[in-house]
Structures are given as C-alpha cells and as structure tokens.
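Work through the following exercises with the sequence and the model at hand. A worked solution follows each task.

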Amino acid sequence: MQHKITFILLFLGVFSYSSFAQTNENDSTALPVIEYSSTAPKYEIAEISVTGASNYEDFVLIGFSGLSVGDVVSVPGEAITSAVKRFWKQGLFSDVKIYATKIKDGKVWLNIALKERPRISAINYNGLKKGEKEDLENKLGLVVGNQITPNISDRAKSVIEKYMSDKGFLNVDAHVYQKDDPAKSGYVIVDIDVDKKLKTKVHQIIVTGNQALTFNKINNVMKKTNDHNWRNFFRTKKFVREEYEKDKTALIDKYNEIGYRDAYIKADSVVPYDDKTVNVYITVDEGKKYYFGNIKWIGNTVYPYEYLNAVLNIKKGDVYNHKHLMERLQTDENDAVSKLYQDRGYLFSQIEPVEVQVNGDTIDFEMRVYEGKPATINQIGIKGNTRVYEHIVRRELRTKPGQLYSQSDIMRSLRELAQMGHFDQEKLKPDIQPNQEDGTVDITYELETKGSDQVEFSAGWGSTGIVGSVGLKFSNFAIQNLFRPETYRIVPQGEGQTFSLNAKTNGQSYSSFSLSFLEPWLGGKRPNSLSVSIYYSTQSTISDRYLSNLNSYYSSYYSYYGSNSYGNSSYYDSEMDPDKYLRTAGASLGYGKRLSWPDDYFTFYGELSYQLFMLKGWYKSMFPMTEGNFNNLSLNLTLSRNSIDNPIYTRRGSSFSLGLKITPPYSAFNNKDYTDEDMTDQKRYKWIEYHKWSFAAKTFTPLSANDKLVLMGRVMFSYLGHYNENVKSPFETFYMGGDGMSAYTSYGTDYIAMRGYSSGSLTPYNTTTSSYSGYLYDKFTMELRYPLSLEQSATIYALAFVEAGNCFSSIKTYNPFDLKRTAGVGVRIFLPMFGMMGIDWGYGFDKAIDGSVGGSNFHFVLGQEL
C-alpha cells in the first residue's frame with residue numbers, strides 16, 4: 001500500500017513534504033523544502049546520483065531516466081514524473097523515488113532511489129512429470145540469476161495452465177511462490193506448484209441443426225474431440241480447447257465439401273458434466289446446398305477450353321466443392337490444370353476462379369487464366385553432393401539449361417536421383433528461383449549424401465547347421481580409376497558403378513563365391529547398362545554309411561531336410577564325403593537399354609549365361625542324376641517397367657517385368673533317342689534344354705494424406721517348360737516355402753519365399769524326376785506398410801500381410817484356385833552399411849505337401865525379398 005501511495009504522489013509530480021521538510025533544522029541530512037504553488041519553480045540539474053541498484057551501472061540508469069545534468073526542469077514537474085513512470089514501466093524495481101537532496105543558486109541535486117526486485121536463486125517444480133518439466137522450462141522464461149517480476153510470475157502461471165489445458169487438464173491449479181533465500185541477500189527461491197487434477201474428457205457431444213451430415217459423419221470429421229461412443233475406441237477422449245477449435249473448422253470445411261458453402265456454427269458451448277468430463281454442445285446452421293453452374297475460361301490461348309474442361313472434370317450440376325475445385329486447379333499432383341501449364345514452361349501462369357453469378361442454388365464461374373510467357377531454365381545447380389562425380393549426377397537430370405521449365409521433368413529428376421541410392425531420398429528437394437522480369441528460372445537440387453556401400457551379412461539353417469554369408473557391395477565403383485590411387489576409398493570410387501563380392505560357407509560341406517560388376521551408363525552418354533558376373537559353388541553330401549543309418553529312421557526327403565534331431569553337427573561334419581559333391585561354375589554377360597516407347601520407364605535387358613554343373617555321387621532326391629557334367633547355356637530376355645518413387649520405402653509407383661529364359665532345343669536337332677530308358681543321365685542332360693517364363697508385378701498406393709501408410713500389391717508367376725517330354729530339365733526348378741533364404745545355393749534352383757510355411761514345404765514331389773521340384777508357381781501378396789523411421793541412418797517400417805500361392809509339378813496339375821494361404825506381421829530395417837534386414841511372423845492356414853498345417857513360423861530377412 002505504501003508503494004502505491006508513493007507512486008501516486010510521484011505521478012502527480014508531488015514530492016512528499018514529510019520527505020523533504022519534516023526534519024530537524026539542525027539535522028545535517030535534512031532535505032530541502034519544496035514549495036507547492038500554481039507555478040512550479042525551475043531549476044538546472046547540477047548532479048544526479050543513484051542509490052539502491054547495485055546490479056546496474058549508474059550511467060545506464062541515469063540515461064534510462066531521461067534526465068541529464070544541465071537540464072532545466074520544473075520541481076515538481078513533468079520531467080520528474082516521466083522519469084518515475086519509466087522505471088515503474090520497466091518492472092525491475094519494487095520502489096521508485098526521486099529526491100531533491102539539495103537546492104542552491106537555482107540548481108538542484110537529484111537522487112534516484114530504487115529498490116530492485118529479487119533475483120532467482122533456484123526453481124523447484126512440484127506436481128509435474130520429467131517431460132512436462134522440460135517442456136515448461138523452455139516456455140516459462142524463468143532463469144536462475146534473472147529477476148522475477150509480478151508480470152513474469154503471472155505469465156508463468158498462464159503458460160502452465162495453457163500447457164496443461166492442451167494436454168487435457170482443464171481444471172489445473174497452478175501457483176508460483178517466492179520465498180527469500182537465506183543464503184543470498186536479494187535472491188528468492190521460486191516454487192512452482194501444479195495440481196493437475198484429473199484429465200478432462202468429453203462425456204458427450206450434442207449437435208443440433210444438422211441434417212445433411214449425420215452425427216456419425218460429424219464424429220468422423222471431429223478427429224480430436226470425441227465422446228465415449230464405441231466408434232471412438234481408438235481415439236483420444238480428452239478435451240483440448242485448441243484441438244476443439246480446429247475440429248470446428250474441419251466441420252465447416254466438410255459442409256463446404258458437400259455443397260453447403262454458407263454453413264456456420266451458430267453457437268457452441270462446453271459445459272462441465274462432472275469433475276472429470278464436459279459436454280460439448282454445437283448448433284449448426286447448414287444453409288442451402290449449392291451446385292456448380294456454367295464454367296467459362298478467359299485468357300487461355302495455349303489450351304482450348306474444351307480440353308481444360310475435360311482436365312478440370314467438373315461439370316454443370318456437380319455439387320459445389322471449393323476444396324475439390326482448388327485441387328483440380330492447383331494441387332493434384334499428377335493432373336491439376338496448373339500442372340499442364342507448368343509442364344509447358346508457363347511457370348508464371350495463374351488461374352483464378354471467380355464466382356460471377358449465383359442463381360438460386362447454382363454458382364457460375366469464370367476461370368481467369370494469366371498464362372504469361374514460358375520460363376526458360378537458366379542455371380542448374382547441385383548442392384550437397386560429396387560422393388560421386390558431378391557429371392554422374394547431372395546425367396540423371398531431366399532438366400537442362402536452355403530448356404523450357406517443366407514440373408514433370410523436375411519430379412522425374414528427383415526420382416532418378418533417388419534411384420541412384422547415393423542420396424537421402426527423404427531430403428531430396430529442388431530450390432526453384434524464378435525471375436519473372438527476364439522469364440528465366442534457376443533450379444538447384446539440394447542433396448544430402450549418404451553412404452550406399454554395404455557390408456552384407458546373412459545366415460541360413462540347413463541339415464549341416466548354420467551357413468554364413470558375407471558380401472561387399474561398392475555402389476560408387478570407378479573402374480576407370482583403377483590406376484588413380486587418390487580416388488581409392490578401399491576401392492576406386494566416383495563413377496556410380498556397382499562392384500560386388502559375396503562368399504558363403506558352413507566351413508565343412510558347402511562354400512560359394514561370386515563376383516559381379518555393373519556399369520549403368522555404358523559409354524557415359526546413354527543409360528544403357530553392362531553387367532558381368534562369375535560364380536562358383538561346391539557342396540558335399542554325406543557318406544553312404546551315414547545315409548544308410550539315416551534311412552532306417554527317415555524315409556522322406558522332408559525328414560532329411562526338415563529335422564535336425566538325427567545327429568549333432570560335429571558328428572554330421574565328420575560324415576561328409578568330399579568325393580561326393582555338386583559343383584557349379586558359371587558366368588554371365590548382360591546388356592540393358594532404356595526404351596522411349598511406350599514410355600521411358602521401360603527397359604529391355606538381355607543376358608547370355610553359361611553354367612557347368614559337376615556331380616559325383618550326389619544324393620538322388622536332389623536331382624534325377626548322381627554323376628556327370630551338365631551344361632546350361634541360356635539367353636535371358638526381360639522387358640520391364642519401373643516407376644517407383646523410392647527404392648527403400650516406396651510410396652507410389654509400380655514395377656512390372658516379363659521374362660523369358662531359353663536354351664537351344666538340342667533334342668530337336670540331334671539324333672539321340674530320348675525315349676531310350678537305358679540312356680545315361682550324362683547323355684540325356686549333357687546340354688540342358690528348357691524355356692522359362694516369368695511375370696512379376698508390384699504396385700504401391702498411398703492410403704493416407706501424408707503418404708506414409710502404403711498398400712503394396714504383388715503378383716508373381718513363373719513356369720519352367722520343356723521342348724521334349726523326355727528331357728525335362730532337372731535344373732532351374734522351384735523350391736517354395738519359408739523365407740527363400742536357403743543354406744544351399746547351387747544356382748540350379750530358384751528359392752521362392754512363402755511366409756507361414758517351413759522351408760521347401762510347398763515343393764511337390766515329381767515322380768518323373770524322382771525328386772522334390774516345382775515346375776510352376778504362383779504367388780499373390782497384399783502388404784500394408786507404415787514407416788517408424790525415415791532417417792538417413794536407418795529406415796524402419798512395420799508391415800502386415802496376407803499372402804497366397806502354391807507350387808506345382810507340371811502345368812497339367814496347375815490349379816489357379818489351389819492356393820496356400822497365410823497372414824502375418826513383420827518389421828524391416830534398412831541400414832546403409834548392411835542393407836535390408838527384418839523379421840516376419842506368418843501363420844499358414846493350409847496343409848503343406850507333407851500334410852502338416854503351416855501354422856506359426858518366424859522368418860528372417862537378410863537381404864532377400866519375401
């Protein structure tokens with residue numbers, strides 16, 4: 001109260017008589033007497049002193065007061081009053097007084113007497129969780145060592161209440177207390193006490209005035225304000241004022257989408273139902289429903305109005321929807337009207353829809369088009385590339401200096417950069433800088449380099465135990481730099497070529513080695529690829545003595561390869577016979593070409609390959625032969641189309657491939673009698689013959705507005721045919737079931753994954769060849785994916801799948817409706833250094849070949865695609 005009185009007196013320019021005059025005349029500290037009259041005397045300021053503010057420099061405070069030595073001021077008067085008001089307004093002082101300590105010879109000596117507000121020595125939070133405390137520390141502005149004012153204290157209380165309200169605690173009780181710090185004079189300890197009380201939830205939402213939208217539809221629109229209806233089981237029930245306001249806006253937007261452009265919320269209120277919940281009352285005025293009328297185009301010269309109307313795809317009589325109108329004009333990614341102009345270079349074009357007439361419930365529009373002049377690309381910049389040579393990046397771009405601007409070319413360029421694998425696909429973006437004055441545009445592609453070389457690890461389980469695999473993949477290899485040591489990072493790098501090494505072994509009975517090289521731009525001018533690979537594998541089988549003992553317990557192939565109970569691995573290893581083996585050596589040379597028709601997403605790939613299979617004493621159930629050398633010379637032709645946007649986490653696009661792998665029909669032009677049952681395997685299969693057809697398709701469809709939830713659909717089909725019934729190839733067959741990651745890779749069998757079933761359990765027994773081998777399979781997959789992390793360091797996504805497929809011994813036994821069904825869930829993680837890894841759980845619903853139900857199975861993903 002004393003401070004308030006002092007402030008009022010000083011504000012009026014009155015210096016208290018008791019302060020100046022009520023002292024003993026003999027007292028040497030007595031202040032001069034100020035006479036109050038209608039005309040205040042004027043004095044020249046001789047000196048200004050400051051007391052009570054040890055934490056501030058005197059000259060700073062004197063300057064802030066607005067008073068200066070030499071000024072002539074009225075005492076009392078406006079200048080003194082203004083100085084006092086300035087200090088009070090600052091809020092850093094709890095008391096402000098200005099004294100006249102001496103008056104003599106027309107001069108006055110002034111003292112600014114201040115009392116500082118306390119400073120914070122410590123802050124204590126009570127009633128908050130650790131995360132809430134950390135959030136509020138950044139919002140409150142309370143800092144140890146700083147002063148605390150009533151305004152700061154009140155603001156802190158308001159911030160806390162709003163923060164907790166946003167979390168659903170509408171009844172929060174917050175207090176900011178101060179207590180003197182006994183250890184530090186002029187400092188206080190601040191205690192922030194928060195009683196959150198119970199979180200406020202919505203008990204019921206009552207909507208009136210709605211006819212066009214049912215309550216259930218309104219409930220779906222209001223995504224954050226939900227009552228305890230069973231439909232909202234997975235939704236939040238808490239009431240947050242900010243989210244409620246957004247939901248009201250969303251409700252009106254929904255009305256606008258169905259033609260009610262005049263709809264508005266007439267009244268709304270939030271009424272406590274009890275201590276824990278509130279009722280929300282909303283009254284809407286829907287107005288009437290509107291429809292599109294005539295649409296007239298003005299200013300268009302590039303495209304005729306008939307074509308623009310067809311692209312707009314809004315007809316007279318359609319329900320008025322302003323959101324849909326703007327999407328068709330501006331924002332639809334693939335076929336908005338504005339995109340037509342931008343793809344023709346008209347970067348500066350604008351289309352403004354104007355309502356020109358409202359007839360009852362019908363609205364006529366004019367689409368006013370400003371086309372402008374086509375924009376020419378001036379400069380193409382590349383920023384952030386630290387991995388490959390710049391010309392490697394530029395050759396992938398569809399935008400070139402001097403070309404007309406095209407939005408489609410920019411999007412295609414981003415896709416091609418993503419497909420390279422050297423840059424973070426989630427952070428690719430173009431910086432487009434138009435210059436309307438000269439009609440040009442500069443485009444800079446902002447890249448963030450990521451490591452794409454990989455150390456690949458995988459493991460599989462077979463009858464001999466674990467088979468380990470290690471591979472090195474260098475995706476920025478440069479064969480041109482073999483003799484330039486300065487370009488080496490383990491290997492020469494910079495040209496975007498791929499060089500891979502892979503080795504597998506179980507240490508005793510199986511080992512393999514492969515090497516491959518890919519040049520994606522042969523010659524550097526066209527995207528024509530050249531690939532070369534060589535490989536070798538050797539696999540031993542068990543001795544006759546061990547096999548004889550084994551057969552006394554097991555009579556089927558699946559017993560042999562599906563059970564591990566017949567002996568420990570050390571005993572098994574000792575029974576491997578190195579003189580009984582299957583060895584495979586091979587090489588391939590391939591050439592790929594990007595096509596321009598039907599579109600440039602198509603490629604054609606041709607590969608010539610040779611394989612030599614060397615068998616000695618091999619196990620009969622694997623192949624119909626046990627001895628001899630067999631040759632496989634084939635030509636592989638593949639027509640494919642790939643338009644996916646991202647090779648790691650794909651959101652949209654598709655990929656299709658149609659392949660044919662053929663060998664010469666040797667049996668058609670030699671003189672051998674293949675009906676002779678006494679013909680040896682070595683003669684019958686010396687040169688393997690077959691024709692192998694394959695088809696694969698994948699589509700990716702985003703299901704959410706942010707393109708994160710993605711539906712992947714996949715179809716796979718392959719058939720191994722023959723020219724001669726008596727020379728059916730025992731190689732190139734299919735082995736279906738499990739994770740498709742076999743411990744044995746002989747290059748003579750395709751391993752087809754089928755989750756929910758054990759390895760190979762869907763492979764039929766072929767009576768013709770007396771072995772387990774499939775000659776035809778089909779597979780259908782639907783997979784729902786959602787990303788958990790899209791960071792450069794790790795891409796992680798969860799998935800749920802349903803799958804069906806089967807494997808058949810011949811085309812005669814093929815039944816497209818005989819499918820083995822499975823469903824499950826899984827997770828994938830892509831690490832740049834190690835590639836794709838993951839684990840799936842699948843449940844097979846149907847019986848496998850051996851009669852057992854698929855049941856519950858876990859499958860590991862280490863590089864392969866399931």
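The protein has an average pLDDT of 85, and 87% of the residues score at least 70; pLDDT is the predictor's confidence in each residue, from 0 to 100. The model is predicted: local features need pLDDT of at least 70, side-chain atom pairs count only at pLDDT 80 or more, and totals for chains, interfaces and linings use all residues. Residues are numbered from 1 along each chain as its sequence is written, and side-chain values use heavy atoms, leaving out hydrogens and water.

**Exercise 1.** State where pLDDT is under 50.

Step 1. Residues 1-28 stay under 50 and have 43 contacts (heavy atoms within 4.5 Å) beyond four places in sequence.
Step 2. Residues 552-571 are also below 50, with 37 contacts beyond near neighbours in sequence.
Step 3. Where pLDDT is low, the predicted coordinates should not be read in detail.

**Exercise 2.** Give the strand order of the open sheet of 4 strands. Strands (E, at least two residues) and helices (H or I, at least four) are DSSP runs, numbered from the N terminus; two strands pair if DSSP finds at least two bridges between them.

Step 1. The order is S2-S1-S4-S3, and the pairing is mixed.
Step 2. S2 (72-74) and S3 (93-104) are the edge strands; each has a single partner strand, so one side of each lacks a neighbour in the sheet.
Step 3. S1 (residues 42-51) and S2 run antiparallel, joined by 3 bridges. Tyr43 is opposite Val73 in S2.
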